[in-house]
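I opened a new page for this model. These are my notes on what I looked up, in the order I went through it.

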Amino acid sequence: MPNEPARRRLAPGRRALLLTGAAATLTTVVGCGRTPPAPPISAPSPASGTPATEGGRALLLQVLAHPDDDLYFMNPDTQRALDAGIPLVCVYVTAGEADGVNRIPGQPRPPAHRAAYSAARHQGLRQAYAGMLGLPLFTGWRTSVARLTGGFRAETNTLEHRGRRVELVFLNLAMHTPYGQQGLPALWRERALRLRTFPAEGSPLSTVQSYDADTLIAVLTGLFDTYAPTLVQTLDPDPDIRHTDERTRRLDSEQRGFCDHADHTAVASFTWAALIRWARSTPGGPPPFVATAFRGYYANHWPKNLPERVLSAKAAHLVAYGAAPDWPCGNPSGCGDYNIGGDRPLTNRKGWVRSTHHRYPGPRLALAPGTGGRLAAYGVLGMRAVRWHERTDGTFGEPLDLGGGPLAPVLGSAVLDDGRHLLFGLRLAALSPRGGPDVREIVVLEQRSPQGEFSAWDGLGNPESDPDRGRRIGVPVAVTDRDGRVHLFVRTADQGVSTRIRGRDGRWSWWRDLGGGPVQDGLTAAVGEDGEVHLYAPGRDTVHHWTPDGPVPPTGLPVPAGPIAVADGRLYYRPPAAPDLVTEPGTGTSAAGNPPVFPGYGPVVAVGRSLVGRDLRGTLRLLHEGRLSPASAAPSGIDGPNLTRTPTGPAAAGLSPAARPWLWRPGADTSAT
């Protein structure tokens, strides 16, 4: 890995990337009953215009690198799903055996015992999830061995309580190769490498198995096919660039050049590759699922976004996982990962527990005017774009397939001055093990006529010319200015912003680096009361602000913990580790006023003086005319609700854990799904 970032060269928008993949058309092998592997760089899947498969029974499946990744990086989202009664399956790819030393703070270093340490971490997980189900920590689990694709097997632990169910699946691949390399990164990167499993002490599965990259992808794909999740959670395949000295890197437990553990990146890459294969190879079209990627060690480098009440509940589950040697858990290998027990989740200088960050932040549904004054909603289902139309009863109809896959989970959108809709996606154009291409691109889909059909997907390239840097870009955000031009913005590998502009004649400019930053992803673009386009993003020091001409001098506003909502000249966001909202006037307006009373966590979305977001219990609430909607009316939604104006007032919408859209209007007793 180089010691300094590569010099940026801005790439022009071009269709070469799409055309490369289009030359390798996907076909089915006659008589073999299976679909061949995808070409290294593929073209966006075409829009079929036919109904897409709808989600049914909700199920959450998580794919983790290590025991504790879910507790550190995915809670409180996982806890919210369990509280809603959604069955949970957790797949742990490594054995988590590390060096085999289960360190006890304040005690001499114990001897290494890797099989026992793996078993102790599994015991800690059982305690944490028993607590999350509201059961005593030492409740017994049902243990068995599951048969997987290709003849592989895995230990499973299952616990049920009052209709809620958690299943832990331990693939237990070794964390290191026999030559001392980190196992999963090497498995993803190198040709012809095989990685053996490392059975935990006391496991009912003592057989050592051997995986290569293809078999691991096949096993994960088989697990998706078996459990049929409607919501998949995993880690970040494309962590931010971060260059530090070697001592700092080791203290932060990060891979060289990037702000995350290499195992997290590798497991995320395997998972997304398996999701792409599952979506492409399922008979009848992609299965109805939505996906979420969570940042890992990124949390150590940005303002903390969980207030005390949410943080304390999250940390308590890590305490149950860490445990202590004197806990009466009944497991002779150990009761947990002792170095994480007690007060250590909250006193660890790395602060991972204090934040939960989504890799692809933003509203899950892009909302636009539809026919008859009703709404059209666009989202990603089965890694393809789909469209829903609002029906006369206030619910969304069946999804219609718009193709484009494989897409990241969040779309950008804009409405042209003639009423046509534009959709923007971050596309995983190639995601290949063993040194194959790993490419991301921005794509656009344009409606041919108002309320009409769409043209083919077109490629807008990537603001980064180097493919590895191009993996680090963010979710596209767009807005139409008062002259009818569309301004597209993307966070860059240097944590600044690049833009492209679509003229009224439909032609796109080249990518232009606006600089600025460093900022987190989660950009917000709006046309201000001054008629100008303004872009806002959360930085470490303040709210960062751009116009199409470049960055504006520092705003001096209070530090934000996450994305900024903009409405009627006001900015709304939550400060670090605090439940209250900050309200500030935006540039080009004198709007002022007291902040609304809306304690909670995470970003909000604003329209006029209405807001939607989460309260401190994680329940979606709508603030309208100064009043919060009752919690009993709230939909069961995943991250990324949205809010828009309609002829009858504001309407909130999003996706449920069952991969179905919901629609919520002030005054309604419940949400419509």
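I began with terms: two strands pair if DSSP finds at least two bridges between them. Helices (H or I, at least four residues) and strands (E, at least two) are DSSP runs, numbered from the N terminus. The model is predicted, so local features need pLDDT of at least 70 and side-chain atom pairs count only at pLDDT 80 or more, while totals for chains, interfaces and linings use all residues. Residues are numbered from 1 along each chain as its sequence is written, and side-chain values use heavy atoms, with hydrogens and water left out.

**Entry: a sheet**

I looked at strand 12 (residues 384–389) and found three bridges joining it to strand 13, with the two running antiparallel. Valine 386 stands opposite aspartate 401 of strand 13. I then noted the open sheet of four strands, in the order 10-11-12-13 with antiparallel pairing. Its edge strands are strand 10 (366–369) and strand 13 (400–403), each pairing on one side only. From one strand to the next, the twist averages 30°.

**Entry: valine 353**

Where is valine 353 found? I located it in the loop between helix 10 (344–347) and strand 10. Valine 353 is buried, with a relative accessible area of 0%. Buried means under 20% relative accessible area, exposed over 50%, and partly exposed in between (1.4 Å probe, protein chains only). I listed what valine 353 touches, not counting residues up to four places away in sequence: Tyr72, Leu306, Leu311, Lys314, Ala315, Leu318, Pro345 and Leu346. Contact here means heavy atoms within 4.5 Å. Valine 353 and alanine 315 are 38 residues apart in sequence, and 6.6 Å apart in space, C-alpha to C-alpha.

**Entry: two helices**

I read off that helix 4 (residues 114–132) and helix 9 (residues 308–322) pack at an angle of about 140°, their axes 7 Å apart. Axes are lines fitted to C-alpha atoms, for helices over the stretch in contact, and angles run from 0 to 180 degrees between N-to-C directions. I wrote down the residues that make the contact: Arg121, Gly124, Leu125, Gln127, Ala128, Gly131 and Met132 on helix 4, and His317, Ala320 and Tyr321 on helix 9.

**Entry: histidine 534**

I placed histidine 534 in strand 23 (residues 533–538). Is histidine 534 buried or exposed? Histidine 534 is buried, since its relative accessible area is 4%. Its side chain makes a polar contact with the side chain of histidine 545 (2.8 Å). A polar contact is a pair of N or O atoms within 3.5 Å; within protein, one must be able to donate a hydrogen and the other to accept it, and residues adjacent in sequence count only if both atoms are side-chain atoms.
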